[in-house]
Structure formats: C-alpha cells, structure tokens
Amino acid sequence: MKIAIIGGGPAGLYSAILLKKQRPEAEITVYERNRADDTFGFGVVFSDATLDTFEKCDAPSYRRITEQFAYWDDIAVHFRGTVHRVGGNGFCGCSRRTLLLILQERARELGVALLFETDIEDEARFADADLVVLADGINSRFREKYIEHFQPEVDLRSNKFAWMGSTRPLDAFTFIFQETEWGPFIAHAYQYEVGHSTWIFETDSATFKRAGLEGLDERQSADRMAEIFGWFLEGHPLLINRSMWRNFPMIRSKRWVKDNMVLLGDAKATAHFSIGSGTKLAMEDAIALAEAMNRAPTVEAALQQYEEGRREEVEKIQHAADVSLVWFEHVDRFWDFDPVQFAFGVMTRAKAITYDNLTLRAPDFVSEVDKAFARQVHAKGFDVNVETPVAPMFQPLRLREMELANRAVVSPMCMYSAKEGVPGDFHLVHYGSRAVGGAGLIFTEMTCVSRDARITPGCAGLWNDEQQAAWRRIVDFVHANSAAKIALQLGHAGRKGATKLMWDGMDRPLEQGGWEVVSASPIPYFPDSRVPRELDRAAMDAVKAAFVQAAERGEACGFDMLELHCAHGYLLASFISPLTNQRTDAYGGSLQGRLRFPLEVFEALRSVWPAHKPMSVRISATDWAEGGITGDDAVDIARAFAEAGVDLVDVSTGQTVRDAQPVYGRMFQTPFSEQVRNEARVATMCVGNITTSDQVNTILAAGRADLVALGRPHLIDPSFTLKAAAWYGAEVACPPQYLPGKEQIFRNSVRDRQDFDDLKIKARPKTRAELKAEKPLAAE
C-alpha cells in the first residue's frame with residue numbers, strides 16, 4: 001500500500017506513525033511545506049485522559065512526549081483583584097516544536113519518509129497513492145480546491161485573539177480577566193516547559209479598536225499586552241511568533257472523504273482554543289483513521305467507517321467549544337457578578353464540569369459559591385443562613401408577593417387528557433403528586449382560552465364554569481397539601497390547532513372533528529395542514545377578550561401566578577416570528593410591530609391580574625431557522641415584556657416552523673436563558689433537557705437562570721425535588737402522612753451520599769500532576 005500524507009503537523013505525523021505500525025510494508029510519505037524545525041505558536045495542552053489514549057496507541061512516542069511535559073492540576077481564575085484556584089483537573093503542556101520533533105523522530109524510526117519544504121500544488125504528486133490523508137491545517141488547500149464536495153462552513157467568530165509566549169513561570173492553567181479603560185481583555189495562559197508559557201490574549205472587536213491595536217505590528221501589540229498584564233508578568237517579556245491578531249474560524253465540513261482522500265485535524269473541523277482541544281482532536285482523528293483502516297477490508301470502507309464513527313465525537317467536542325467560546329465572547333454579561341460566582345461560571349461554562357463534580361474536587365471553592373449565592377438571597381430580604389447555606393436549588397425566591405421555597409419547577413407539559421377542556425382525576429393526581437413531591441412551583445399545561453384555541457381535543461381549557469370548578473379543585477389540593485405554588489399558563493394554539501393527540505401524531509391535522517384555525521398570517525404548519533385565517537382587528541379583540549376572561553377565572557381558582565404562552569409557534573408566537581408573520585399592517589414588519597399584539601394581550605391580562613401576583617411569559621428565544629428569531633431578538637422581546645410588567649421570562653426555543661434545525665444536548669436551551677437574564681436584566685426560568693439536581697445547581701450557581709424547570713424527570717419521578725433535598729441535606733415541606741418516608745430517605749441519604757462520594761474519589765485516577773508531586777515523598 002502507498003499512502004501520501006499532506007501536512008506534517010500533529011495530525012499528519014501521528015497518522016503516519018499509527019498507519020506504519022499497522023502496515024510496516026506500506027510506503028508512507030509525509031509532505032510538509034515548512035522546514036522540519038519550523039513551528040508556529042508556543043505550547044499545546046492535553047488532558048490526562050488524552051494521554052492515556054496516546055499510551056495505548058503508541059507507547060514509545062507517549063513516553064517521549066510525557067518526559068517533556070509540564071504538569072499542573074489547578075485552574076486559577078483572576079478577576080477583580082481575586083484569585084480562585086480549583087484543583088483535580090489533570091492537564092499537561094508541551095512545546096509544540098518539541099511535540100513535532102518527537103513525532104518526526106518516531107516516524108523516521110518506523111520508516112516513514114518525511115519530505116520538508118515540499119509544497120504540493122495538485123494530485124499529480126500522489127496520483128498512484130492508495131490513500132491520501134489531507135492534514136494540511138486550518139487553511140487546507142485541498143479542502144478549498146474541492147470546496148463544492150467537502151462543503152465546509154466557516155463561522156468567523158467575533159472576538160480577536162493573538163497567540164504569544166512568555167518566560168513567566170506558571171503553576172496552574174491561568175485565566176486573567178482584566179478591566180481596562182477600553183474594555184475587558186482576557187488572557188489564557190499555561191506553562192508548557194521550564195521557563196516558557198503560552199499566552200493567548202482575547203478581546204471583543206470594539207475593545208480591540210478602542211485600545212489602538214488595529215494596525216500595530218506583532219511587537220507593538222505584544223508591548224501593549226505587556227502594559228495591560230504587566231502586573232502579572234512581573235517583568236517577564238512577551239514573546240512573538242506569527243502572533244497576529246485574528247478572528248477564530250469555527251470550521252465544519254459536510255463531507256470529510258472524497259474518493260481516496262480524507263480530511264484530518266483542523267482541515268476538516270476546528271475547536272476553539274478555550275477548551276484546549278485542537279491538537280487533541282487532530283491526533284484522535286489519526287487514531288480513529290488508523291483503527292478504521294485496521295478493521296475495514298478496503299480503503300473505501302475504512303474511510304466511510306472513519307467518517308461515520310468519528311463525526312459524532314467531533315461534533316460533541318465542537319459543541320462544547322461553541323458553548324465555551326460564546327461565554328468568552330460575552331464575558332461582559334457577567335462582569336458585575338460576585339468574583340466567586342464569576343469563577344464558577346468560568347469553570348462550568350462548557351457544561352462538562354458541574355456543581356457536584358467541583359464539590360468533590362474543590363469543596364472549599366463550592367462552599368464559597370454557596371455562600372455567595374446565599375448572600376444574594378439574603379440581600380433580597382430572606383433570613384437565610386449565609387455561613388452554612390443550603391445548595392442554590394433550595395434557596396427561596398420572591399416574585400412580587402409570591403415566595404417560592406425552592407428553585408425547582410415542574411415544567412408546563414400538555415397531558416392531552418381533558419374532556420371538552422375539563423381537567424379530571426388524572427390531572428388532580430398529576431399536579432397534586434408533583435406538588436407533594438417538593439417542587440417550589442408547579443405550572444399547568446397550556447390551558448386554552450376558548451374551544452377553538454385548543455391544540456388537540458384533549459387539551460385543557462378555562463372558558464366555562466365546569467372547567468373553572470375542576471381547576472379550583474386542583475389548586476385547593478395543592479395549597480392544602482404542599483408548600484408549592486401553582487401557576488396557570490394560558491395560550492392559544494393558532495395555526496397548530498385542530499391536531500391529533502401527541503401519541504397519535506404530534507401536530508398532524510385532525511382527519512375529522514376539527515375546527516377553524518387562525519394565525520398572524522395564512523401560512524399552514526404542514527403543507528397539508530389547515531390554512532389558518534389571518535386575524536383581523538375584530539378577531540384580535542375577541543382573542544384578547546378570551547384571554548382576559550380566562551385570567552379572571554384563573555384568579556377565581558386561586559392560582560398564584562399567571563403565564564402567557566408566546567412560544568412554540570402558537571398564536572401569539574406566530575405574531576412574533578418573521579417566519580410566520582408576513583403582515584403589512586401595524587402588527588407586522590419590524591420586531592416592534594410583530595410584538596404589538598402579544599403585548600396588547602399581556603397588558604390586558606396584567607390589568608386584570610392582581611397587582612400582588614406575578615406574571616411570566618414563555619418565549620421561543622430562537623426559531624432555530626434562518627431568518628427567524630435569534631438570541632439577540634429574545635433580549636429585545638424580554639425587555640419589551642419587562643417594560644409591560646412581566647416578572648419572569650420562561651425561556652424556551654423553537655417549534656415555530658417544521659424545517660427548524662435545533663442543536664440538541666444537555667441543558668441545550670440554557671445559553672438563551674443566560675443571555676436574556678444577563679442582558680435584559682430580567683429574571684428567567686430555563687428549561688430543556690435538564691435532568692439532574694446537579695445540573696439545576698450548576699445553572700443557578702453560575703447565574704444562568706433564577707428558576708429551573710424540569711419536564712421528563714418529573715413525569716417519571718414526582719418526588720424528584722424531595723429526593724434531591726435529602727441528597728443535599730436541605731429542608732422541604734412534606735405532608736404528615738408521608739413524614740416517615742421522608743425521615744427515612746433523609747437518614748439514608750447521609751450514608752448514601754458519603755458512600756457515593758467515597759467511591760467517586762477512589763475511582764478517580766490520580767492526575768499525572770498528583771503522581772509527580774508524590775514521587776519526591778516516595779523517594780524519601
């Protein structure tokens with residue numbers, strides 16, 4: 001077999017090593033345009049887990065790499081005159097030049113031909129190759145040559161960054177957040193060998209211009225950074241090596257394979273430097289390719305296996321990198337946070353590290369996080385313990401005069417089980433059991449304001465006396481048997497009405513027994529859905545009157561809070577999104593126009609809903625579709641409702657149009673809640689694939705939401721909150737009939753939690769930094 005590898009970076013060299021080990025008889029040649037000892041940048045970083053993988057794949061190169069590594073265990077966050085250190089991270093740094101020389105030496109030992117200062121213009125040079133590995137970096141010539149085939153998407157991010165070095169020694173992966181007269185600057189720094197450290201400087205484009213960096217050469221910009229971070233550099237110089245300021249390109253390629261050619265490393269996909277995964281991704285690509293070549297009977301089959309098997313992992317890392325980079329791009333959202341809460345946000349920004357995880361690794365740090373959160377609650381007038389506080393999930397919250405005992409919420413979830421809009425025994429048990437289970441707040445499912453406002457024939461309503469009496473029965477039970485508050489969510493299905501029950505075909509039109517549907521514009525949801533009638537002024541007035549009447553009935557039922565549903569493509573949402581609103585009157589066009597009717601409805605509800613009771617609004621913070629609502633729009637929407645008197649924004653996303661492309665994942669909607677909360681300065685509730693109390697605490701402690709709603713976890717476990725309270729040692733109300741059970745789970749949880757933590761600690765392998773620190777002691 002003949003293999004040509006274009007690019008002598010980590011991806012190209014490591015793939016050459018692994019493929020040559022696998023096929024000693026193969027003729028493998030690496031073509032590199034630069035000289036053997038040329039390199040750009042300074043250090044690279046790997047986690048302990050990545051090094052474990054390298055050890056299994058090629059022990060000789062692993063040993064040489066680790067002999068050259070600088071190890072550290074801590075992450076240090078410097079912010080507003082404070083420093084917070086978190087241990088147990090297990091990172092290692094190495095000179096990029098040293099890494100390349102080690103891989104070159106190993107490749108030569110195995111018989112790989114390395115041709116440097118060789119620029120490959122076209123395929124003629126390797127026309128007879130059986131396999132061509134395109135590892136020619138972020139500016140891949142061959143990816144661009146075959147751009148129509150590979151179909152790369154390049155997202156040039158907004159922040160400016162420059163890669164520099166220094167002789168300043170560091171004993172931790174260091175983040176420095178520096179306020180200047182021009183705006184915030186960020187330094188990401190780590191030591192990669194004795195006397196040398198990598199420094200990546202980052203700032204937003206406006207601050208970059210205000211600081212006068214535009215037009216400066218490398219040395220001049222390094223001098224400016226040395227002025228800004230001189231207090232920390234302590235006289236050590238900043239070193240340059242192609243240290244130009246630029247914007248990071250997030251690259252995703254639709255295809256990775258063309259004929260016998262395959263993209264590897266940055267040529268196919270990039271991950272932002274804030275999670276330190278660029279070189280890791282490149283070398284793990286090489287491992288995946290070698291494994292596929294070993295398993296598959298042909299090159300064609302191997303390349304197919306490589307792309308299919310590797311893509312999911314790459315996309316997961318890219319998603320984490322996306323979340324991380326957005327945090328850094330919008331660091332101004334958190335600039336007024338308490339420093340320890342800010343540091344917690346830094347640690348948990350990419351969702352891989354959580355509250356419980358940090359509690360095991362850095363209990364003193366999390367204790368300070370809990371205290372900072374409790375101080376904020378105390379400042380709002382609550383008499384809470386600020387010295388030994390409960391976890392954030394169990395801190396109280398006040399909205400107007402409604403006080404919640406904790407921050408856990410049962411999300412509004414349609415049950416499709418009402419008869420002519422009347423909630424029955426199922427609903428009594430459903431809501432009653434979850435209230436008894438300890439949640440601070442219970443939301444009703446979307447309760448429709450008229451018969452023709454229903455989504456399905458099974459939807460609950462509140463337009464007549466029978467429905468009102470049924471809801472009153474439920475509210476009375478919740479108040480009599482729990483400390484939970486219960487919120488009424490009112491909505492109108494709009495163009496998504498007259499559809500089948502969820503389990504019979506969600507959003508599919510009824511084949512018989514349907515009714516007329518309405519919307520902002522006459523656009524059907526599915527091509528074969530009913531075409532909605534565009535609301536005129538008279539119909540809009542009728543809809544508004546139906547909402548007001550339902551709200552008045554809700555107050556008569558005794559609900560503690562009222563929510564207006566303006567999300568998920570239902571009637572009011574159809575006015576807000578430009579994808580569903582094509583009106584040319586005052587209720588279309590700009591966002592201000594599109595918001596006009598939803599705000600009219602909200603203001604009408606606020607005028608009849610008691611002033612001492614709070615109101616919330618559910619919005620879709622993004623349509624997940626081109627031309628639709630974005631996160632920035634969501635901030636403007638939230639501000640408009642806040643000016644109208646909203647107390648809480650329930651931040652959901654999507655379900656507006658059928659061709660939406662949501663990016664799913666754990667806590668996937670939380671970034672939108674975070675943006676709305678910290679830019680619009682309004683309380684938010686987040687929802688969306690949140691499944692554990694650990695995640696709830698992580699979200700709250702990081703300032704990403706004020707309440708956390710969980711749907712599916714509450715469907716299967718009505719006592720979700722009570723169990724979490726036992727786990728964290730927090731108090732929740734419980735009916736006297738259930739007290740023996742509560743007392744037992746609280747007793748058992750003390751032991752179970754200790755056993756769990758002990759097992760976690762014992763199972764966690766020691767980091768290389770910890771092992772290295774123990775060696776001198778062992779020698780003694």
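1. Let's start with one residue. Gln151 has a relative accessibility of 30%, so it counts as partly exposed (buried is under 20% relative accessible area, exposed is over 50%, and partly exposed lies in between, with a 1.4 Å probe and protein chains only). Gln151 sits in the loop between α6 (147-150) and β10 (152-166). Its phi is near 50°, a positive value in a residue other than glycine.

2. A quick word on where this comes from. This is a predicted model, in which local features need pLDDT of at least 70, side-chain atom pairs count only at pLDDT 80 or more, and totals for chains, interfaces and linings use all residues. Residues are numbered from 1 along each chain as its sequence is written, and side-chain values use heavy atoms, with hydrogens and water left out.

3. Now look at Asn689, in the loop between β29 (684-686) and α23 (693-701). Asn689 is not a glycine, yet its phi is positive, at about 55°. Buried or exposed, or something between? With 41% relative accessibility, Asn689 counts as partly exposed.

4. Zooming out, the protein has 27 helices and 30 strands (DSSP runs numbered from the N terminus: H or I of at least four residues for helices, E of at least two for strands). Six of the strands form an open sheet with mixed pairing, in the order β8-β2-β1-β9-β17-β16 (two strands pair if DSSP finds at least two bridges between them). The edges are β8 (113-115) and β16 (257-258); each has a single partner strand, so one side of each is left without a neighbour in the sheet.

5. β16 runs antiparallel to β17 (residues 261-263), and two bridges join them. Val257 has Val262 in β17 as its bridge partner.

6. What about overall size? The C-alpha trace spans about 85 × 60 × 55 Å along its principal axes.

7. How much of the protein is buried? Of its 780 residues, 60% count as buried. As for contacts (heavy atoms within 4.5 Å), take those with a separation of 6 or more: residues 24 or more positions apart account for 71% of them.
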